[in-house]
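The following note sets out points on the structure shown below, for a colleague who will examine the coordinates alongside the text.

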Amino acid sequence: MVHFIGAGPGDPELITIKGKRLIDQADVIIFAGSLVNPAVLDGRKKDAVVYDSAYMNLDEVMDVVIPAVKAGKKVVRVHTGDPSIYGAIREQMVRLDAEGIEYDVIPGVSSFCASAAAVKKEFTLPSVSQTVIITRMEGRTPVPPKEKLKDLAAHHASMCIFLSVGFMDELTKTLMEAGYEPDCPMAVVYKASWPEQKILYGTVETMAKLVKENKIEKTAMTMVGGFLGDEFELSKLYDSHFTTGYRKGTD
């Protein structure tokens, strides 16, 4: 059995209890050292063997995982945030399937959730947005033709743009081409939940300049949309006039 574990966005207390327990029990740990806070490995067994996948390719990772499992060792593969988002876990699962090795996935707190927590905002606000779009700018990894940022931005939903802070000039230009007003609020959260976390507040028009001035080039979440503003309707959930399955409203 191999356990794919979401280590959370950075704060070692934001890993799940299950994920931490499995790390502490593991004989072999492969973690994404360029992104995962090594503090999540504190408490591991003294004889646990640790590998940093930042220095490994897929074949090298599998050359560690497969023999270890076949030798009866407990193996964990620790990814940043939640492994289902830009985690590159499917390609590992295909290799494990071919070897008849079982695996499971322990979800984690994604950086897009930690970023919303950092700015103390809610992605889904009545009358503002009920949809969250998670995407990225096209770089060395291509984006499917139907998922170009300009087309997605046309919805004006709450947007979380991963892996793209280094393309901020192009990103903000694309947003305005899609109809975003120059004064639409934006936020960039650098290393959400880490001690060195930094938050930039701005607009579609000003964010590129702010990012350059603060020399933020990677490990940051870009968020855009009306949810970052202060105008919205109150929800029906706690409206005293609204009847739910648990309480009767006044109307």
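Is Phe162 buried or exposed? Phe162 is buried, with a relative accessible area of 9%; buried means under 20% relative accessible area, exposed over 50%, and partly exposed in between, with a 1.4 Å probe and protein chains only.

1. Basis of the note. This is a predicted model, in which local features need pLDDT of at least 70 and side-chain atom pairs count only at pLDDT 80 or more, whereas totals for chains, interfaces and linings use all residues. Residues are numbered from 1 along each chain as its sequence is written, and side-chain values use heavy atoms, with hydrogens and water left out.

2. Overall description. Seven helices and ten strands make up the secondary structure of the chain; helices (H or I, at least four residues) and strands (E, at least two) are DSSP runs, numbered from the N terminus. Along the principal axes, the C-alpha atoms fill a box of roughly 60 × 50 × 35 Å. Of the 251 residues, 43% count as buried. Contacts (heavy atoms within 4.5 Å) with a separation of 6 or more come to 63% from residues 24 or more positions apart.

3. Surface. The accessible surface of the chain is about 13900 Å², and carbon and sulfur atoms contribute 53% of this area. The areas come from the Shrake-Rupley method with a 1.4 Å probe.

4. Strand β1. All five of the five residues of β1 (residues 2-6) are buried, so the strand is largely enclosed by the rest of the structure. Val2, Phe4 and Gly6 point one way from β1, while His3 and Ile5 point the other way. Two strands pair if DSSP finds at least two bridges between them. Strand β1 runs parallel to β4, with five bridges, and His3 stands opposite Val76 in β4. Four bridges join β1 to β5 (residues 103-106), again in parallel; here Ile5 stands opposite Ile106.

5. Strand β8. In contrast to the parallel pairing of β1 with β4, strand β8 (residues 185-190) runs antiparallel to β9 (residues 198-203), with six bridges.

6. Aromatic pairs. A pair of aromatic rings is described by the distance of the centres and the angle of the planes. Rings of Phe, Tyr and Trp (its six-membered ring) pair if their centres lie within 6.5 Å; planes under 30 degrees apart count as stacked, over 60 as edge-to-face and the rest as tilted. The whole structure holds four such pairs. Tyr86 and Phe162 form a tilted pair, 5.2 Å centre to centre with 55 degrees between the planes. This pair links Tyr86, in the loop between β4 (75-79) and α3 (90-98), to Phe162 in strand β7 (residues 158-162), 76 residues apart. Tyr86 is partly exposed, at 42% relative accessible area.

7. A second tilted pair. The ring centres of Phe123 and Phe227 are 5.0 Å apart and their planes stand at 55 degrees, so this pair is tilted. Phe123 lies in the loop between α4 (111-119) and β6 (132-136) and Phe227 in the segment after β10, 104 residues apart. Both are buried, Phe123 at 10% and Phe227 at 1% relative accessible area. Ring pairs link Phe112, Phe123 and Phe227 into a cluster.
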